[in-house]
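Subject: Structure for you to look at

Hello,

Here is the structure I promised. Please open it alongside this message, and my notes follow below.

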Amino acid sequence: MHANSWITDSNREDMFVTVWYGILNPTSHEVTYANAGHSLALHVQAGDGAMRQLRPSGMPLGVVEHPPIEPDSVTLAPGDLLVLYTDGVVDAIDEAEEEFGQDRLEAVLFANREKPAQAVVDAILAAVRDHTCDAPLLDDITLWVLKRNV
């Protein structure tokens, strides 16, 4: 909560920060996380490719003095992916101003779920590039993919 206090104290009224913070237990493969307004996190199951959004449990930092944020957890089975991304991925637009979108992202994840984490990142970036035809991006793109191998 120190980060929230610092942001709130030094903040203009129209600024906020979304945060997803996780701790991986390498023995149990459980990820305990807190999500302050960052709704862009997916758990992709290896077998059938089912995807679950890891929804925010609290509001972004910098909005109120003491935001209620409840931790949650997810346990990764062998082959599962944990994918975090900024809105620049799904908001990337093509020449017709059509967004890349959540459906395209999930299709890329489904098709590449058996590949190593870096290959999944590369596939997402290639799909966004193909969609935008290398047009300048309107927002940053940040991706983080964790895959449980064993």
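**The β1-β2 hairpin**

Strands β1 and β2 form a hairpin with four residues between them, and H29 in the turn has a positive phi of about 65°. H29 is not a glycine. Helices (H or I, at least four residues) and strands (E, at least two) are DSSP runs, numbered from the N terminus. The two strands, β1 and β2 (residues 30-36), pair in the antiparallel sense over seven bridges. Pairing requires that DSSP finds at least two bridges between two strands. V19 has A36 of β2 as its bridge partner. For Y21, the bridge partner in β2 is A34.

**What you are looking at**

This is a predicted model: local features need pLDDT of at least 70, side-chain atom pairs count only at pLDDT 80 or more, and totals for chains, interfaces and linings use all residues. Residues are numbered from 1 along each chain as its sequence is written, and side-chain values use heavy atoms, with hydrogens and water left out.

**The chain overall**

The chain has four helices and seven strands. From the N terminus on, the order is α-β-β-β-β-β-β-α-α-α-β. The C-alpha atoms fill a box of roughly 45 × 45 × 20 Å, taken along the principal axes.

Of the 150 residues, 37% count as buried. Buried means under 20% relative accessible area, exposed means over 50%, and partly exposed lies in between (1.4 Å probe, protein chains only). The chain exposes about 8,800 Å². Carbon and sulfur atoms supply 55% of that area. These areas come from the Shrake-Rupley method with a 1.4 Å probe; for residues, only the protein chains shown count as cover.

Take the contacts (heavy atoms within 4.5 Å). Among those between residues at least 6 apart in sequence, 63% join residues at least 24 apart.

On charge, there are 9 positive and 24 negative side chains. The centres of the two sets lie 9 Å apart. Lys and Arg count as positive and Asp and Glu as negative; His and the chain ends are not counted. Each charge is placed at NZ of Lys, CZ of Arg, CG of Asp or CD of Glu.

Axes here are lines fitted to C-alpha atoms, for helices over the stretch in contact, and angles run from 0 to 180 degrees between N-to-C directions.

D72 sits in β5. What does D72 touch, not counting residues up to four places away in sequence? Its contacts are V31, T32 and Y33. D72 and V31 are 41 residues apart in sequence and 8.4 Å apart in space, C-alpha to C-alpha. D72 counts as partly exposed because its relative accessibility is 39%.

**The four-strand sheet**

Another open sheet has four strands in the order β4-β3-β6-β7, and its pairing is antiparallel. β4 (51-53) and β7 (143-147) stand at the edges with a single partner strand each, so one side of each is left without a neighbour in the sheet. The twist averages 15° from one strand to the next. Helix α4 (residues 117-132) packs on this sheet, touching β6 (81-85) and β7. The direction of α4 makes about 145° with that of β7.

β3 (residues 41-44) and β4 pair over three bridges. Four bridges join β3 to β6. V44 has M51 as its bridge partner in β4 and L81 as its bridge partner in β6. L81 also stands opposite K147 in β7.

Is β6 mostly covered or exposed? β6 is mostly covered, with five of its five residues buried. In a regular strand the side chains alternate between the two faces of the sheet. Here L81, V83 and Y85 are buried on one side, and L82 and L84 are buried on the other.

**One more backbone point**

E97 also has a positive phi of about 65° although it is not a glycine. E97 lies in the loop between α2 (87-91) and α3 (101-112). At 64% relative accessibility, E97 counts as exposed.

Best wishes
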